Amino acid sequence: MSSFDRSCAARGVSGETGQSPLPRRLFVKSYGCQMNVYDAQRMTDLLAREGYAGTARVEEADLVILNTCHIREHAAEKVFSELGKLRALKAARASAGRETKIIVAGCVAQAEGAEIFRRQKAVDIVVGPQSYHRLPELLHRAGTSPEVLDTDFPAESKFDRLAAPSAHQIRKRGVSAFVTVQEGCDKFCTFCVVPYTRGAEASRPVEGIVAEVEMLAAAGVREVSLIGQNVNAYHGRTPEGATASLASLISRVAAVPSIARIRYTTSHPGDMDASLIQAHRDQARLMPFLHLPVQSGSDKILAAMNRGHTRAGYIALIAEIRGARPDIALSSDFIVGFPGENEEDFAATLDLVEKVGFANAFSFKYSPRAGTPAAELRNQIPESVKSERLARLQTLLDRQRRAFNTKMAGRTVDVLIEKPGRHAGQIAGKSPYLQAVQIEGSLDRIGEIVRAEIVSAGANSLFGRLLPDWAAREAPR
Ligand code: 5AD
Ligand code: SF4
């Protein structure tokens, strides 16, 4: 049984409840993907058990963790500039007689290892994403020795060693929660560091995930996003010793009472199997939104990226998914300026975007990453060309996002209310299509799925009018 058991939650083990008279303070800053957000929460829960209470003010922290991202150069460099500031803070606190320990966790820790100590002497611990369950032990070691490094891929699973958050902590984090179900990637796209920083594909067993979702649901969570670097390659063990696909995991999670919404991210087109496509037709709790990165619309570039799919294959797959769930909102990642990309290749990307139509997207300039095959290619694209292509692509994607949002005006949608809205008297939530919705309403609706008529649409959010309760009860969730 995973340590995410309910007995632990019931004990309310948390430094954040302020049980100790003078709790040590922990500040965690997370960069990059949703998995880092999840990992940061797990580190917080683990250290709460060690007597650390969370703080949002870095100046008062006895322990600072930077949970880093290595996906693009810009992301990695931000970490070193942040560490420079932390060094000054550590020195200032030391002159006031207060000790500060600095931990670098996440993918920069994994990729750079001991090099981090060389670049920034103020760092005490460097810990990779597969070994952060050992943090209490590493902190103990850091009490007596400098430069504690752990970038192993240990045989034991960290998921068996993590601490459960308290019910209070779960509620504070909101009614929508991430749950990591899969980590690592075996696809080896030639631009990507993930197979090196997060390692080979590994799936958590079904029971541990379901136990975690039950614990979240008991504390008031209504929506779970199942996350993994290549989540639709999920193949977790069942208690009977069989292997579960993502579709069967989704149906297990859908059976947890009060979990009204399920999402999953990030997927690879090559792992979009028939059972998962069918789940979009048959599973009412699976939301009609799919993030399915294509990266490029050019077959030449897709091959050079080692994506394992073609342009036509992606378009056909989208048609199949829309056949199963016609209203599904699609999202993607794009890279422009991959080595060798010419104007014709880029035009093929724009054309694919026109053909498919995306509700949302993330687009990036190609960033060479040391150790990946594409960084070695000779035909790198000048920065100015990358910037110009990115601007053209983003103009098109923005137009599609606005069009998708505008189309919602006059429609009735179910909104999961998550938090107070932007202005007094407003509440904010998400549509099934992952759009932010602002509604006039009272805070006691947080956690409910309400029915709203969309009255207008902005670039980034919708504005809705609450419909009477009877309508919400009639509505499919
Ligand atoms: N350069 C630019 N973008 C990248 N991504 C991954 N590696 C790189 C890189 N080297 C993007 C991809 C991926 C997303 C998470 O980040 O689009 O899907
Ligand atoms: Fe990276 Fe995604 Fe390709 Fe895996 S599938 S190597 S995580 S871009």
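This is a predicted model: local features need pLDDT of at least 70, side-chain atom pairs count only at pLDDT 80 or more; totals for chains, interfaces and linings use all residues.
Guide: A residue is near a molecule if one of its heavy atoms lies within 4 Å of it.

Visitor: Which residues are around ligand 1?

Guide: By that cut-off, they are Ile-71, Arg-72, Phe-191, Gln-295, Asp-333, Ile-335, Phe-364, Lys-365, Tyr-366, Ser-367 and Arg-369. Two strands, β15 (329–336) and β16 (360–365), each supply at least two residues of this shell.

Visitor: What makes the pair between Asp-333 and ligand 1 a polar contact?

Guide: The cut-off is 3.5 Å between N or O atoms. A polar side-chain atom of Asp-333 lies 2.6 Å from an oxygen atom of ligand 1. The pair therefore meets the definition. Gln-295 has a side-chain N or O atom 2.7 Å from an oxygen atom of the ligand. For Arg-72, a polar side-chain atom is 2.9 Å from a ligand oxygen atom.

Visitor: How much of the accessible area of ligand 1 does the protein cover?

Guide: On its own, ligand 1 has 400 Å² of accessible area, and the protein covers 87% of that.

Visitor: Why is Thr-265 called buried?

Guide: Buried means under 20% relative accessible area. Thr-265 has 14%, so it counts as buried. This residue sits in strand β13 (residues 261–265). Leaving out residues up to four places away in sequence, Thr-265 touches Gln-34, Leu-226, Ile-227, Gly-228, Val-231 and His-291.

Visitor: What else is Leu-226 in contact with?

Guide: Beyond its neighbours within four places in sequence, its contacts include Val-179, Val-181, Leu-246, Ile-250, Ile-262 and Tyr-264. Leu-226 also belongs to the largest nonpolar core, which has 56 residues. Val-224, Leu-226 and Tyr-264 have the most contacts inside that core. Helix α9 (residues 206–218) gives the most to this core, with seven residues.

Visitor: Why is α9 said to be largely enclosed?

Guide: Ten of its 13 residues are buried, so the rest of the structure largely encloses the helix. Among the buried ones are Val-206, Gly-208, Glu-212, Met-215 and Leu-216.

Key. Residues are numbered from 1 along each chain as its sequence is written. Chains are lettered from A and ligands numbered from 1 in the order in which they are written. Side-chain values use heavy atoms; hydrogens and water are left out. A nonpolar core is a set of buried Ala, Val, Leu, Ile, Met, Phe, Trp, Tyr and Cys residues joined through side-chain atoms within 4.5 Å. Buried means under 20% relative accessible area, exposed over 50%, partly exposed in between (1.4 Å probe, protein chains only). Helices (H or I, at least four residues) and strands (E, at least two) are DSSP runs, numbered from the N terminus. Contact means heavy atoms within 4.5 Å. A polar contact is a pair of N or O atoms within 3.5 Å; within protein, one must be able to donate a hydrogen and the other to accept it, and residues adjacent in sequence count only if both atoms are side-chain atoms. Accessible areas come from the Shrake-Rupley method with a 1.4 Å probe; for residues, only the protein chains shown count as cover.
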